[in-house]
Amino acid sequence: MGNLKELTKGIIKENPTLVGLLGMCPTLAVTTQAVNGIGMGLATTFVLLGSNIVISLLKKVIPKAVKLPCYIVIIAGFVTLISFLLHGFIPSLYDALGTFLNLITVNCIILGRAEMFACKNKVIPSALDGLGMGLGFTLALFLMGSVREIMGSGSWMGMKIPGFEPMSVFVMSAGGFFVLGCIIALVNKIAGKRPPQKIGCAGCPNAASCAGRKGGE
Amino acid sequence: MKGIFIIMLSAILVDNFVLSKFMGICPFLGVSKKLSSSLGMGAAVIFVMTCATAVTYPVYSLVLKPNGLEYLNTVAFILIIALFVQLVEIILKKVMPPLYNSLGVYLPLITTNCAVLGVTLLNIDNGYTFLESIVNAICAGIGFSLALILFSGVRSKLEDADIPKTFKGIPATLIAASIVSLSFMAFSGLIS
């Protein structure tokens, strides 16, 4: 039962993007189409699952002083792997994601989960946590991508919606910020709790030295 | 010379890293609350971006490429950046304490700033020469700082605004960012 909770918490209750406000860059950049959102989300899930398992297995081996570089190398290894796989099997997605595929390395969700969860827990909970967080991220990206694709290109998952005049501003950068702001506001409204006043950087490995956090308090 | 000028213009205004390429959103939202911290973060990013490019470019063209190891670029670059940031911190602490005191808190934050890794990878992807890469890195840093500084002004106004409760905090900030980004879209006509 406990393990099941690790899996489900990331999907809605502690959704890394919409509640935790982590991993904003890919959320904004690749979500011009719903399909790209799913692709990016699943690629990140793969890296998150892999890195969580490996870090949790190595948690006793990695010295505390150099843990950040170690984590980054493990994560970058998995990123290289997924970019090979996508290049070979789904080249269209590989081209659509571009540099952001490599930038999964510095996605703060992955480092955050390594720091907050995988280095303290056993392998199975860590794997489930990674899977859940990854799926939550995928869900958020899919939501963003759907809204932007429908409003901006007048289609959904590549299917044209008849009789709808698209507003191309939604697929541009300004629309990305706008849609994300509205979705987070909507999540706050549904959750019925006070909106987060500052960036949720508790999961960020640099939280202690982060000026943004200090400035926000 | 014309090529360099176009790279400068596009890195600072047209393809601004934060507002049109969506890199470095976390520090953009986190640090832009005050003008002073925006300036500090901007200076630190310009410095690290330039130096990281100066190191990663030769590593790529002299070590990885001749040995057919191009696919290792992400791993190699992020390691270089992480080590480099650590090194800069130690050196600044010893050699220039006043500069360390003003930039020090921002340095560790830069390791996970995707704009820094992004600019080194994009320089390689675009096939820039060494000089072009350095110019692109400096100007990407300037563009990042410009966005941060402009946005800190917007945010100080936002503090006093009467915003609906649901939109308070991050949602309002994101929508303000969307308007700032809209204004930067006007630059896109500069380069045809």
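This is a predicted model: local features need pLDDT of at least 70, side-chain atom pairs count only at pLDDT 80 or more; totals for chains, interfaces and linings use all residues.
Colleague: Which residues does Phe117(A) contact, leaving aside neighbours within four places in sequence?

Modeller: Phe117(A) sits in helix H7 (residues 108–118) of chain A, where helices (H or I, at least four residues) and strands (E, at least two) are DSSP runs numbered from the N terminus. With contact meaning heavy atoms within 4.5 Å, the partners are Glu6(A), Lys9(A), Gly112(A), Pro125(A), Ser126(A) and Asp129(A).

Colleague: What is the relative accessibility of Ser126(A)?

Modeller: Ser126(A) belongs to helix H8 of chain A. Beyond four places in sequence, Ser126(A) touches Asn52(A), Ser56(A), Phe117(A), Ala118(A) and Asn121(A). Ser126(A) counts as buried because its relative accessibility is 0%.

Colleague: How far apart are the end C-alpha atoms of helix H9 of chain A?

Modeller: Helix H9 (residues 173–191) of chain A has 19 residues. The expected span is 1.5 Å times one less than the number of residues, so 27 Å is what we should find. The model agrees, with the end C-alpha atoms separated by 27 Å.

Colleague: What covers the buried residues of H9(A)?

Modeller: Buried residues of H9(A) include Phe177(A), Leu180(A), Ile184(A) and Asn188(A). Both chains contribute to the cover, which includes helix H2 (24–29) and helix H8 (123–153) of chain A together with H2 and H9 of chain B.

Colleague: How many salt bridges does the rule find across the interface of chain B and chain A?

Modeller: The two chains bury about 4000 Å² between them, 78% of it on carbon and sulfur atoms; buried area is the accessible area (1.4 Å probe) that two parts lose on being put together, summed over both. A salt bridge needs a side-chain nitrogen of Lys or Arg within 4 Å of a carboxyl oxygen of Asp or Glu. By that rule, the number of salt bridges across the interface is zero.

Notes. Residues are numbered from 1 along each chain as its sequence is written. Chains are lettered from A and ligands numbered from 1 in the order in which they are written. Side-chain values use heavy atoms; hydrogens and water are left out. Buried means under 20% relative accessible area, exposed over 50%, partly exposed in between (1.4 Å probe, protein chains only).
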